[in-house]
Amino acid sequence: VVVPVREEQLVAPARSRVARVLVKPGQVVAAGELLLELDASSIRLAIDNLEEQIAQQDIRVRALSLDLAAKHRQLASEIELLELDLEANKVKLGKYQRLLKLGAVSASELAAAELAVKRTQIELRQKRETVAGSRAATETDVAGAQLEAQVLGKGLAEQQQLLAQAQVRAPFAGMATWLL
């Protein structure tokens, strides 16, 4: 009776169908030699799906970044226009202050000019806050998309590991004794 020094049973890592058997009982095999392949079509499909989802997240990040840049340019131009309006209102206020001393304008016209300056200052401050808020919101969306891509990447790595396990290899050199 010949008793093996070492015997190991190899089981499939996941429930699957055997796609191809490459050795026969009694055949001598080297360590790492491919013994059989399992059906990995569902794993490959899952990998393709995850890769597409990761690509979608990358596109989403780029789109959000482009959207932020466009909003920033628009708000920057609005801020420039408000700064010009503020400067014009300040000039008008200075002119009304000089004319009030001469009695050429009424106090109500001076008050209206002061209100116009204050209003423009408030609008300018609000636009600057909008820029900061828009940037923060977009950065949060980008971080969320990047985090989702990382989660998908981990799922992809897991599926790739399952795909690698779908190829059953000999753990050491020896002889295949039986196949079930």
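The radius of gyration is taken over C-alpha atoms, and the globule rule used with it is 2.2 Å times the number of residues to the power 0.38. For the protein chain the radius of gyration is 36 Å, whereas a compact globule of 180 residues would have one near 16 Å. Along the principal axes, the C-alpha atoms fill a box of roughly 125 × 25 × 20 Å.

The model is predicted: local features need pLDDT of at least 70 and side-chain atom pairs count only at pLDDT 80 or more, while totals for chains, interfaces and linings use all residues. Residues are numbered from 1 along each chain as its sequence is written, and side-chain values use heavy atoms, with hydrogens and water left out.

**Secondary structure**

The protein chain has two helices and five strands, arranged along the sequence as β-β-β-α-α-β-β. Helices (H or I, at least four residues) and strands (E, at least two) are DSSP runs, numbered from the N terminus.

**The helix pair**

Helix α1 covers residues 41-102 and helix α2 residues 107-165; they pack at about 170 degrees, with axes 8 Å apart. Axes are lines fitted to C-alpha atoms, for helices over the stretch in contact, and angles run from 0 to 180 degrees between N-to-C directions. Because of that angle, α1 is roughly antiparallel to α2, a label for angles over 145 degrees. The residue classes of their contact are given in the table below.

**The sheet**

β1, β3 and β4 form an open sheet in the order β1-β3-β4, with antiparallel pairing. Two strands pair if DSSP finds at least two bridges between them. The edge strands, β1 and β4 (167-169), each pair on one side only. From one strand to the next, the twist averages 25 degrees. β1 and β3 are joined by three bridges, and V21 stands opposite L36 in β3.

**The largest pocket**

A pocket is an open set of points on a 1 Å grid over the protein atoms alone, where a 1.4 Å probe fits, with protein on both sides within 12 Å along at least five of seven lines; lining residues have an atom within 4 Å of a point. The largest pocket holds about 840 Å³, a volume being the space filled by probe spheres set on the points, which are joined across faces, edges and corners. It is lined by 30 residues, and E8, Q9, L10, W178 and L179 are the closest to its centre. β1 (18-21), β3 (34-38) and β5 (174-175) each supply at least two lining residues; the largest share, three residues, comes from β3.

In the table, Ala, Val, Leu, Ile, Met, Phe, Trp, Tyr, Cys and Pro count as nonpolar, Asp, Glu, Lys and Arg as charged, and the others, Gly among them, as polar.

Note on methods. Parallel < 35°, antiparallel > 145°, perpendicular 65-115°, else oblique.
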